[in-house]
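Student: I am new to this structure and would like to learn how to read its rings and its core. Could we go through them together?

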Amino acid sequence: MKSPSIIHSLNKTINKATFSSHISKKISPLLMLLFSLFLISCEEVVDVDLDTAPPRLVIEASIKWEKSTSGNVQQIRLTTTAPYYADEVPPVHNATVYITDEDGNQFDFIEEDNTGFYTTDSFIPVMNTTYNLTVVHDGETYTAKETLLPVSDLTYVTQNSGDVFSEEYIEIKAYFNDPADEENYYMYTFDAEKDNTIDVIEDRLVNGNEVFAFFVSEDIQSGEDVDISLSGISKQYYNYMYTLLAQANEGGGPFETQPATVRGNIINTTNPDNFAFGYFRLSETDKYTYTIE
């Protein structure tokens, strides 16, 4: 849009015109022309020149031991941050990635076909064991420490339906039992073809009781499958995800306070100021596929 001085000039001209119908008749065609030009100018596309920060390493290291599996195949993804308008997330190549356990075992992750995905088929998951992640990239070393935590079994799933303002929805609840006399934290996901959700739960108010994960959708239909996942997580990871989800749900306009950078548990031991984004976590995970009735 053009300078506010144009609007100010138009307002002054209109105010003067109210004092004399004779003057108004003479200047009205000019006002119409100016106003039309003003509206057209407001439709011009404005290219915003956004500042671009130096790229940072992003480490997606979620080690999940699915129940009833060996848990030996695991994957870690390395990328870098990209400009806002970039079409792709740049993968990171030729990094050294490995995890060690309390017994000194080392599990090397090897990149797959220059994709930025690093995998191993020799991981050994042991419940309540602490693991250390090491990533070496561009001469700098990143480390993190986390413990593999258990999770309760998903016991059953219920489905209900309803409508709000003539919009029909389907509600799904996946139940599990929280262990008594323990401090537990959970992350759950519901993944359908056209909709999904992710959330975290703490047991502070429901310790030792039956708890449910919750999903509501207006897009899912009868016969569709919904993949449900429940993972045991640490308090630190719960706080990390809670903050991320809160920022994602806030939305907000261009004049609101922008979200703060959320730091994970990964430390750059070579250059602490060049920190990485992402988190290293280990979880036992229970999964269930529910078909919408």
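**Rings, charges and cores**

Tutor: Gladly! In this predicted model, R56 sits over the face of F275, 3.9 Å from the ring centre. K173 likewise lies over the face of F212, at 4.5 Å from the ring centre.

Student: How many aromatic pairs does the structure hold?

Tutor: A pair of aromatic rings is described by the distance of the centres and the angle of the planes. Here there are 14 aromatic pairs. Take Y185 and Y238: their ring centres are 5.2 Å apart and their planes meet at 45 degrees, so this pair is tilted. The pair joins distant parts of the chain, with Y185 in strand β10 and Y238 in helix α3, 53 residues apart.

Student: Is Y185 buried or exposed?

Tutor: Y185 is buried, because its relative accessibility is 8%, under the 20% cut-off. Y238 also counts as buried, at 8%.

Student: Which residues do ring pairs link into a cluster?

Tutor: Y156, Y175, F212 and F214.

Student: And which residues touch the most other members of the largest nonpolar core?

Tutor: In soluble globular proteins, nonpolar side chains tend to be buried together. The largest nonpolar core here has 24 residues, and those touching the most other members are I59, I76, L78, V97, I99, L133 and F280. Several strands supply at least two core residues each, among them β2, β3 and β15, while β1 gives the most, with four. A second, separate core has 21 residues, including Y186, V211, Y290 and I292.

Student: What does I59 touch?

Tutor: Leaving aside residues up to four places away in sequence, the contacts of I59 include I76, L78, L133, Y142 and I266.

Terms used: Residues are numbered from 1 along each chain as its sequence is written. This is a predicted model: local features need pLDDT of at least 70, side-chain atom pairs count only at pLDDT 80 or more; totals for chains, interfaces and linings use all residues. Side-chain values use heavy atoms; hydrogens and water are left out. Rings of Phe, Tyr and Trp (its six-membered ring) pair if their centres lie within 6.5 Å; planes under 30 degrees apart count as stacked, over 60 as edge-to-face and the rest as tilted. Buried means under 20% relative accessible area, exposed over 50%, partly exposed in between (1.4 Å probe, protein chains only). A charge sits over a ring if NZ of Lys or CZ of Arg is within 6 Å of the ring centre and within 35 degrees of the ring normal. A nonpolar core is a set of buried Ala, Val, Leu, Ile, Met, Phe, Trp, Tyr and Cys residues joined through side-chain atoms within 4.5 Å. Contact means heavy atoms within 4.5 Å.
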